[in-house]
Amino acid sequence: MEIVMAFVVGIIFMAATYLMLSKSLLRIIIGTGLLSHGTHLLVLTMGGLKNGAAPLLGEHAAQYNDPLPQALILTAIVIAFGVTSFFLVLAYRAYQELGTDNMDRLRGTKINE
Amino acid sequence: MSLLHLAIVSPLLLAVIIPIFSKSIRQIHTGWFVLPLPVVLFSYFLSFISTTSHQGTVYESFEWIPSLGINFAAKIDGLGLLFALLISGIGALVVLYSIYYLAKDKEQLGNFYVYLLLFMGAMLGVVLSDNLIVMYGFWELTSISSFLLIGYWYHREKSRYGAQKSMLITVFGGLAMLGGIILLYIMTGSFSISEIVAQSDIVLEHTLLIPAILCFLLGAFTKSAQFPFHIWLPDAMEAPTPVSAYLHSATMVKAGIYLVARMSPVFAESPVWLWLVGGFGIVTLFWGSFSAVKQTDLKSILAFSTVSQLGLIMSLLGVGAAALHYDGIDDNVFTVATTAAVFHLINHATFKGSLFMVVGIVDHETGTRDIRKLGGLMHLMPVTFTLAIIGAFSMAGLPPFNGFLSKEMFFTGMVNILKLDLFSLSTWGLLFPVLAWIASVFTFIYSMKLVFRTFTGKYKPEGLKKKPHEAPLGMLISPVVLGSLVIIFGLFPNILSHNLISPAMASILPSLLSPGDIFDVHIYFWHGPTPELFMTIGVVILGILLYLTLPKWEKAYHLLPEKLTLNKIYDRGLESIQSGSFKLTRFYMNGYIRTYLVYIFAFFILILGYTLYTKDAFVIDTTNVSSIGFYEIVLSLLIVVATITILFAKSRLTSIILLGAVGYTVALFFVVFRAPDLALTQLVIETVSVALFLLCFYHLPKFKKEESKIPFKLTNALISIGVGAIVTAIALSANSTKLFDSISQFYVDNTYIRAAGKNMVNVILVDFRGFDTLFEICVLAIASLGIFAMIKLRLTRGKEG
Amino acid sequence: MRTNDLILQTVTKVILFIILLFSIHLFFAGHYYPGGGFIGGLMTAGALVLLLLAFDMKTVANILPVNYRIMTAIGLLFSIGTGAGSLLFNVPFLTHAFNDVYLPILGKTSLHTAVLFDIGVYLVVIGVTMTIIQTIGEDE
């Protein structure tokens, strides 16, 4: 299953990268969202899949799934939510102020001069 | 956590509460709520005198990061106690003074006292912690609070300039000191000052000795405004006068002195130390006093005078290191320099503190500090005038004030250095007494100028903004207390010698003492017709002559072209750094996010691909993989299809729904892979996110068809496929090669035993790795505040926007 | 967006309490079973979002006059306070303590300072989520 997941993750990364390289701010945001999904799956896969029971001692199993990647991913999910929403609002405000979401036209104003 | 620790952090704790007081109780000046704390601290620290005067120390410690050997160790010894008393004592006086200096209805008192308390706590931490890392933390906090206090009147451009300058210079020094701390750790394996002192032989033999000394001295010299780093101190005078009196003359700038004194037991035997500390000190003394004479602003005079006095103490500490080349303290003529250093440290705090307050009064009552506009205030402000006389005469080294005594001892120390036949001191060492003497002449001149230009001569009311009169009683209390101390210490210096000076010396020169021994310090008012006395008489005579002829030779100051002054060099350096880095950045930052992303992804592909290739890391090993179930295949297909479809989605809604689909599939994956917590979180988050996306996209424009050329799309496609391939390759190889044993078994084994929980994931989050979670919720909070700010706070955009 | 959505509103009134109770259950169960501060907080926030969808912003603000930014701050204080509290007992930052206590009605109950920390997390998560949703929603 890990092999299959490796390819699934690869495809998600590919799509995310493609979206992030596009010119529309919206696609970039969707791309980042996709990228975090891919990363979570990647980390989970790297910890080994289906090695044992869910990491709850109440299960009384001989083997448990690796709890550490899960803890890391839980943190990452929530952070990703925070960052994505920040990004969303940034895009929304930028559009309100500047009237475009095209990255070519959103190029920063000249600095210093 | 002991009472001592509580005492150190109490100002920080009070700083948390003070804004509430300043906001809710407006009719009482906030200073009154602050004042009790330094008073209590002062009396608390006084109670330690009996311990330290018998060479005892108090040591309290609690573990902070034990795995790295970092403990919050607090230690009271002679030196630390002396500084703690200065900080709390002068602090109390300054707070009292500030209550009258800052009007309660005009100033943002909350901010002011928060910064001041922040500084007080940080400074106590610096002088009382025994762990270098902890000390470093407090050290930087003093820089930051000083920055905030200098920039207190932030609407003035000069304040901001001065604040930035002091921050840049002192933080630069602080970083150098951090380097020195790490070097010391490499040499001794400890961050504890006491332990490092015990291993000073190892340090002195080590090849890293010189770099470590240089790093520490950079920290000390920048903080104590030694030449050529002194340029920040005059600009720091933009701070309110109580701050100048407190930070920039009595306490913070003495942190460098403290550091040198504290590290003396470690480094002082090295000749490099003696020459650097002594040499920079004496040059600073000379340059500071020389520059002070040409100033016309009262506070500038005091600033340069502070620079020069700090140089004086510094040079004494350097020269005092010579004592270490003798075995005992019997007839060791060099300890007198260290005695003088400690004594002058106290004296300087008293007379300079009172002078700053006097200048503050003059500024407050007349509206100007320019001595060209001032004059003849003697009859209008008799008390202030008397205080100025006391302070300035003590500074000039005239009897019967305390400055006279320490100045005499200073000369003794400088003359004695010639007797040491080491490190070519007997030849080049002559520079010390000569420079010391010349500097004293200049000191005399600017002291006289300070008093007589302000208070005597012609009264010029037309140049003043206000009608001057004597200051209110409350404003006079603090300078009067300091002024009386100047006289008391001048007439009865020996009340200090046994209680404060001798224990402090024991901390600076511990190796000279055998157990149970103490430094027998006795300060004499009259020591017969010695060379020092004649030096003082010479200073006075030449000083009076030069002061009277000042207008004639003042032009000499204009000989040095403006362009070559240190300030100009600093300004130009700062400008060229800015423009240089701007050019460098412009070279590769063209303002398109896409370009940056291309950089990132290209490097990602190249570096990882290269590593995989050269290390032969790419392996596929299918022995340990888990079985493939039916559901998993379905989910995999689902997620792949959804992902690919997003790429071709034509409308916003479709892509959001598809993204949601991917998210929910990920949640299902978590279910299949037995991660219940993740599945729950992902489900809820996905729901909230989709709602959020819909809310935002409702306002955003529709997808436009990407009007882009084929090459553009092709590059994107190539890079994306590269990223995908690399990630897959890494995933495959990482899964196939296990280089290390997993650390996860620890959590499986200890979740119940050590943390009494059964859900390992949650226990890791709140207990084993609680620090991560703490930071995570901080990040979340910051993100939400950012969003709030973006939407709610609409600053009116200027035309340039 | 003032649609008179009677069905949604009626259902919400019932469902809301179930979700809220479930979220609190999840929060306390966290130490032994799936759940914890993050999930509990998110679930509560989800319930509140449902409320916002069924009724409008103003009504909800009237029923629950909570300043979510202050809630975030209180949550942070809880977490940092729990961490710093361990310093008072001379142990490193964030060391937790636990014990079994016999309470009058509940019987044997294990008390754990990690719960205090988790309460902080719970409050921060609710505060953050609601701040975000509310500020965007109010901005018309």
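Predicted model: local features only at pLDDT ≥ 70, side-chain atom pairs only at ≥ 80, totals over all residues.
Local features rest on pLDDT of at least 70 and side-chain atom pairs on pLDDT 80 or more, whereas totals for chains, interfaces and linings use all residues. Residues are numbered from 1 along each chain as its sequence is written, chains are lettered from A, and side-chain values use heavy atoms without hydrogens or water.

**The chains**

Helices (H or I, at least four residues) and strands (E, at least two) are DSSP runs numbered from the N terminus. Buried means under 20% relative accessible area, exposed over 50%, and partly exposed in between, with a 1.4 Å probe and protein chains only.

| Chain | Secondary structure | Box of C-alpha atoms | Buried residues |
|---|---|---|---|
| A | three helices, zero strands | roughly 65 × 25 × 25 Å | 64% of 113 residues |
| B | 34 helices, two strands | roughly 105 × 65 × 50 Å | 57% of 801 residues |

From the N terminus on, chain A runs α-α-α. Its radius of gyration (over C-alpha atoms) is 19 Å, well over the 13 Å from the globule rule (2.2 Å times the number of residues to the power 0.38), so chain A is more spread out than a compact globule.

B:Lys465 lies in the loop between helix H21 (431-455) and helix H22 (473-491) of chain B, and B:Lys465 counts as exposed because its relative accessibility is 71%.
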